[in-house]
Amino acid sequence: MLTRKYNKSKGPWRLITWTFSFLVIIPVITIFSSFLYPEKEIWQHLVATVLSELVINTVLLVGGVACFTLLIGVTLGWFTGVCDFYGKRFFSWALALPMALPAYVMAFIFLGVMDFSGPVQGFIKTIPGFESTVFEVRSTPFVIIVIGLTLYPYVYLLSRASFMNQGRGVIEAARTLGISPIKAFFKVALPISRPWIITGLMLVLMETLADFGAVSVFNYDTLTTAIYKSWFGFFSLDAAAQLSSFLVFFAFAFLFIDAIYKSRMRYYDSSKGGKVKTNIKLTGWKSFAVFSFCTVILLIAFVIPVSQLILWNIEVITDGEGVELFDHISKTLLLGGMAAVVICLVSILLAYAQRIDGSKVTKILTKISTIGYALPGTVLAIGIAIPVIWFDKLIQEISLQLFAINTGPIIQGSIAVMLIAYLIRFLAVGFGAVNSAMQNIKPSLDDAASTLGKTRIQILYKIHFPLLQKGILTALILALVDVMKEMPITLMIRPFGWDTLAVKIFELTSEGEWVRAAQPAFYLVLVGIIPVLILIKKMEK
Amino acid sequence: MQNRSSLLKVSNVYKSYAQTKVVKGASFELKKGEIGCLLGPSGCGKTTLLRLIAGFEEINSGEVTINNDLVLSQNTFVPPEKRKVGMVFQDYALFPHMTVAENIAFGLNNNKKGQKTIRVNHLLKLVGLTQSAKAYPHELSGGQQQRVALARALAPKPELLLLDEPFSNLDVSLRERLTIEVRDILKESNTTALMVTHNQFEAFSVADCIGVIFDGIIRQWDDAYKIYHQPETLDVATFVGDGSIIKGTVLAENTVSCGLGKLTGDLSLPCSHGCDVNLLVRPEDVLHDDNSALKARVIHKSFRGPNILYKLELPSNEICHALVSSHHNHQLGEEIGIKPEVDDLIIFPV
């Protein structure tokens with residue numbers, strides 16, 4: 001009798017997961033091992049002068065953004081998730097839109113509008129008695145607000161989903177036990193939502209920690225800008241790596257907290273069973289107050305900045321002072337496209353590895369492969385540049401010794417290195433989309449298809465591919481857009497001539513050319529809206 | 001005059017959402033210590049009725065009083081936390097971030113910690129979960145979660161306990177055991193309770209009195225015996241138990257002629273001679289007798305262990321059911337002898 005060997009060898013799949021988790025580990029090890037070869041002079045100089053300021057600035061920024069996004073995100077999540085008020089349906093999705101704005105874009109628009117020479121302070125100076133008033137907007141609170149306005153949607157979306165899933169069941173239960181609605185919110189709804197809120201918050205913190213563009217615009221010195229400067233200013237990779245280790249430490253702390261709360265979600269999920277769909281009705285002044293609050297947030301986080309962006313674009317074009325962007329756009333798309341394809345392929349491989357070899361080791365390795373999102377771009381750039389240079393030198397040495405040929409740098413400054421860096425940083429995005437589609441393909445589907453006489457290839461073609469299609473497409477789009485908006489990695493390790501839109505924005509904003517920077521920024525915001533729309537569509541299901 | 005002993009009084013309550021009327025003039029009373037039950041198919045308005053008693057809905061007209069305090073009318077709305085009403089939810093709504101003991105203690109506002117602990121321990125013992133005091137809800141089985149929900153609702157000694165389909169998430173065997181357990185616990189703590197269910201057997205085994213609801217109207221408010229044996233409307237008669245309705249004509253004060261022959265017994269409605277009626281026949285009223293002249297054809301049968309429920313076609317082409325000892329195993333299509341034995345003739349106007 002013919003028996004088909006159903007569970008094929010798992011060896012090759014294991015190799016794949018090992019390879020990609022190793023790829024993520026390399027930069028981390030590189031960063032930490034930099035302490036083995038300390039560059040004493042530069043390091044001592046840093047410690048003596050700016051290090052404490054850098055760390056304090058970074059901690060202030062991260063702490064401030066945490067408070068800001070929690071406050072805004074959770075209250076908005078509560079109102080749109082559980083309450084009924086005028087405009088609720090519109091705000092539910094519209095309040096996610098600020099995600100489309102990269103923080104560095106928001107930052108330069110803010111400065112353009114609010115700085116000394118901007119229209120707001122210009123207007124204030126026309127008011128009698130305020131002629132000589134000057135507001136310093138390049139200060140910590142404003143950096144916090146600007147970054148917070150682009151990142152609060154993470155907390156907003158996750159807390160909203162969690163409040164909605166709770167239904168009103170637990171709140172109602174609390175009320176029949178003699179607890180007032182406000183008390184019930186703090187004693188019941190908020191603690192139950194904590195895992196989701198914290199997960200959203202950790203994403204926000206990782207993004208804040210990684211932010212390079214916005215703080216550069218504000219000239220606000222943090223660890224990320226210091227890493228950039230110590231490489232491009234002092235030409236010291238090792239000092240940059242040592243600074244990076246601080247960031248990696250923070251990032252891993254956030255990852256750890258995130259993992260703890262994620263594991264609790266399952267137990268806190270009270271969405272099973274009958275859900276009560278009725279909402280808390282807000283009427284009169286309460287409804288108006290909530291409506292106004294949502295309107296103000298939406299205005300300052302999205303409507304005003306985007307309108308300003310469009311106005312500046314019109315201004316630049318009508319004045320004929322536009323920048324030639326064709327090359328930047330094509331390079332951005334090309335780089336983003338290549339990276340997206342690579343990320344997608346690796347995501348598919350990893351998703352299959354996990355499906356075929358569902359062992360604990362594979363699961364852990366897959367987790368490790370996707371933690372790159374926690375590594376700030378500047379750190380990743382350093383963590384990759386060092387081994388690449390070392391590898392090139394090794395090859396050069398060998399070929400000189402053996403064949404007396406000077407190869408020069410081989411992989412340094414190549415597209416391949418950039419793609420690897422993007423892969424590490426954005427694999428989680430692609431893998432998440434592909435794997436959630438993969439998990440919908442229950443093993444029983446394969447079994448059912450094979451009892452109906454289909455071969456492995458036919459199953460792959462007729463069952464898996466159609467079911468994975470959507471997930472793969474989502475992965476492609478998300479990865480593409482993320483890479484297009486990416487700034488520090490591209491800036492630090494791009495091959496000569498590969499200037500993307502983000503790089504162009506960096507150049508223009510470092511010269512204070514806000515109006516002209518609006519041109520490349522406009523395209524980025526335009527593509528940045530696509531993933532938000534995908535998210536919103538998912539949210540409405 | 002107000003009946004002093006009535007704890008819950010619902011009078012002429014109307015409730016509609018947008019255009020749909022969900023509750024159309026419900027009225028009933030529960031005495032202190034009584035267990036009531038609202039029984040009806042899904043979408044009949046019973047859960048809405050329960051939720052407005054709890055304080056989660058407003059009403060269009062009517063009144064609800066708890067312990068003679070007006071809590072709900074067109075102009076009155078006492079919020080749920082002020083009503084001293086406990087509730088057991090269909091999905092239990094246990095707080096996932098608290099232990100069993102913390103869940104039970106949640107509604108207790110005693111400042112003295114010792115008293116709180118005593119009360120919690122008492123309830124843990126009452127529902128048999130002393131061992132699981134420190135467990136979290138997700139570590140418990142469905143039946144245990146249900147008991148925690150009950151203990152939590154009972155802890156603040158509510159004047160009235162509401163139970164919303166409390167057994168619907170449990171498997172059948174557990175359900176039967178728990179219905180009896182819950183009744184015992186409620187009776188032991190002398191709690192007045194109102195339960196909502198679509199399952200008549202739950203209603204029969206838990207409740208002292210049952211209100212059968214259809215289409216937002218309470219059709220009958222009675223004890224289980226009367227609901228089953230003396231249904232007041234055709235809806236109630238067909239919803240509760242496996243009854244069949246056959247046509248008949250009243251011949252005298254106590255006689256009806258129908259497909260089963262001439263039946264004698266007390267008429268449920270006063271009817272004059274010659275009046276056409278619908279007659280309710282319960283399966284246990286139709287006995288199997290091989291010697292009977294009245295024959296009926298078996299068109300369906302379901303084996304139930306001790307007995308068989310036969311679906312029979314009478315000579316009049318009408319359908320009726322007979323519950324027969326399972327030793328009498330007949331084939332489909334066979335003609336079997338039957339003998340009606342009815343004490344009360346439950347009739348409905350045509």
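Predicted model: local features only at pLDDT ≥ 70, side-chain atom pairs only at ≥ 80, totals over all residues.
A479(A) counts as buried because 29 C-beta neighbours lie inside 10 Å, where 20 or more are needed. Not counting residues up to four places away in sequence, A479(A) touches A339(A), A340(A), I343(A) and C344(A), together with F426(A), V429(A) and G430(A). The C-alpha atom of A479(A) is separated by 12 Å from that of L419(A), a residue 60 positions away along the chain.

Chain A holds 22 helices and two strands. Its C-alpha trace spans about 80 × 65 × 50 Å along the principal axes.

L309(A) lies in helix α13 (residues 284-318) of chain A, and it counts as buried because it has 23 C-beta neighbours inside 10 Å. Leaving aside neighbours within four places in sequence, L309(A) is in contact with I109(A) and with A518(A), A521(A), F522(A) and V525(A). Between the C-alpha atoms of L309(A) and V62(A) there are 27 Å, and the two residues are 247 apart along the chain.

N57(A) has its place in helix α3 (residues 51-82) of chain A. With 20 C-beta neighbours inside 10 Å, N57(A) counts as buried, since the cut-off is 20 or more. Its contacts, leaving aside neighbours within four places in sequence, are Y220(A), D221(A) and T222(A). F250(A) is 193 residues from N57(A) along the chain, and their C-alpha atoms are separated by 14 Å.

Attention now turns to how helices of chain A pack against one another. Two packed helices are described by the angle between their axes and the distance between the axes. Helix α21 (residues 501-510) and helix α22 (residues 514-539) of chain A cross at roughly 165°, and their axes come within 9 Å. That angle makes α21(A) roughly antiparallel to α22(A), because angles over 145 degrees count as such. The crossing of α21(A) past α22(A) is left-handed. On the α21(A) side, the residues that meet α22(A) are L501(A), A502(A), K504(A), I505(A), L508(A) and T509(A); their partners in α22(A) are W514(A), R516(A), A517(A), P520(A), A521(A), Y523(A) and L524(A). By class, this contact of α21(A) with α22(A) has ten nonpolar residues, one polar and two charged. A521(A), one of the residues of α22(A) in this contact, is also among the contacts of L309(A).

A second pair brings together helix α1 (residues 11-33) and helix α15 (residues 360-369) of chain A, which pack at an angle of about 35° with their axes 8 Å apart. Here again α1(A) passes α15(A) in a left-handed crossing. From α1(A), the residues R14(A), T17(A), W18(A), F20(A), S21(A) and V24(A) take part, and they meet T362(A), L365(A), T366(A), I368(A) and S369(A) in α15(A). The residues of this contact of α1(A) with α15(A) divide into five nonpolar, five polar and one charged.

The model also includes chain B, with eight helices and 21 strands. The C-alpha atoms of chain B fill a box of roughly 75 × 45 × 35 Å, taken along the principal axes. Of its 350 residues, 41% count as buried. Among contacts in chain B with a separation of 6 or more, 64% are between residues 24 or more positions apart.

Technical notes. Residues numbered from 1 in each chain as written. Chains lettered and ligands numbered in written order. Axes fitted to C-alpha atoms, helices over the stretch in contact; angles between N-to-C directions. Helix = DSSP H or I, 4+ residues; strand = E, 2+ residues; numbered from the N terminus. Left-handed = near helix turned anticlockwise from the far one by under 90°. Contact = placed C-beta atoms within 7 Å. Nonpolar A, V, L, I, M, F, W, Y, C, P; charged D, E, K, R; others polar. Buried ≥ 20, exposed ≤ 12 C-beta atoms within 10 Å, placed from the backbone. Parallel < 35°, antiparallel > 145°, perpendicular 65-115°, else oblique.
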